[in-house]
Amino acid sequence: MQSEVVPSTAPVSPVADHQPDRSDEAVVALRRSLEAAAVPQRAPEMSRYMKDRFVFLGVRSPQRRVAQREFVAGAAAAGTAESLRLAAALWEEPEREFQY
């Protein structure tokens, strides 16, 4: 009898030593901005709300929008190819706030 494989609903833990590519200053700057706005105590609550499928820094939407403003303006000014490259780099970050 074959056992059924049930996908895990636990959040994917970020690699403890995950660091963005240091050559990508825009992503590093965004990480600093988001971490400054983060309230780590909110992260578990945010993860539970999303059915424990994502890891969070603990930045709520209004604060995230403010923290992202400079990054978004710079990406828009950089052109389509650079914006797509930055989007791909952000999806590689383990925390959900980078994917908005």
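The following dialogue goes through the terms used to describe this predicted model.

Student: What should be known about the model before reading it?

Tutor: It is predicted, so local features need pLDDT of at least 70 and side-chain atom pairs count only at pLDDT 80 or more, while totals for chains, interfaces and linings use all residues. Residues are numbered from 1 along each chain as its sequence is written, and side-chain values use heavy atoms, with hydrogens and water left out.

Student: What makes the pattern of the protein α-α-α-α?

Tutor: Helices (H or I, at least four residues) and strands (E, at least two) are DSSP runs numbered from the N terminus. The protein has four helices and zero strands, and reading along the sequence gives α-α-α-α.

Student: Why is helix 1 called roughly antiparallel to helix 3?

Tutor: Helix 1 (residues 25–37) and helix 3 (residues 61–78) pack at about 155 degrees, with axes 9 Å apart. Angles over 145 degrees count as roughly antiparallel, under 35 as roughly parallel, 65 to 115 as roughly perpendicular and the rest as oblique. The angle therefore makes helix 1 roughly antiparallel to helix 3.

Student: Which residues make that contact, and of what class are they?

Tutor: Contact means heavy atoms within 4.5 Å. Helix 1 supplies Ala-26, Val-27, Leu-30, Ser-33, Leu-34 and Ala-37, and helix 3 supplies Gln-63, Arg-64, Ala-67, Gln-68 and Phe-71. By class there are seven nonpolar, three polar and one charged residues (Ala, Val, Leu, Ile, Met, Phe, Trp, Tyr, Cys and Pro count as nonpolar, Asp, Glu, Lys and Arg as charged, the others, Gly among them, as polar).

Student: Why does Lys-51 count as exposed?

Tutor: Exposed means over 50% relative accessible area, buried under 20%, and partly exposed in between (1.4 Å probe, protein chains only). Lys-51 has 59% relative accessibility, so it counts as exposed. Lys-51 is in the loop between helix 2 and helix 3, and its phi is near 60 degrees, a positive value in a residue other than glycine.

Student: Why does Asp-52 count as partly exposed?

Tutor: Its relative accessibility is 29%, so Asp-52 counts as partly exposed. Asp-52 is also in the loop between helix 2 and helix 3, with phi near 55 degrees.

Student: Where is the pLDDT below 50?

Tutor: pLDDT is the predictor's confidence in each residue, from 0 to 100. The protein averages 85, and 77% of the residues score at least 70. Over residues 10–16 the pLDDT is below 50. Where pLDDT is low, the predicted coordinates should not be read in detail.

Methods
Axes fitted to C-alpha atoms, helices over the stretch in contact; angles between N-to-C directions.
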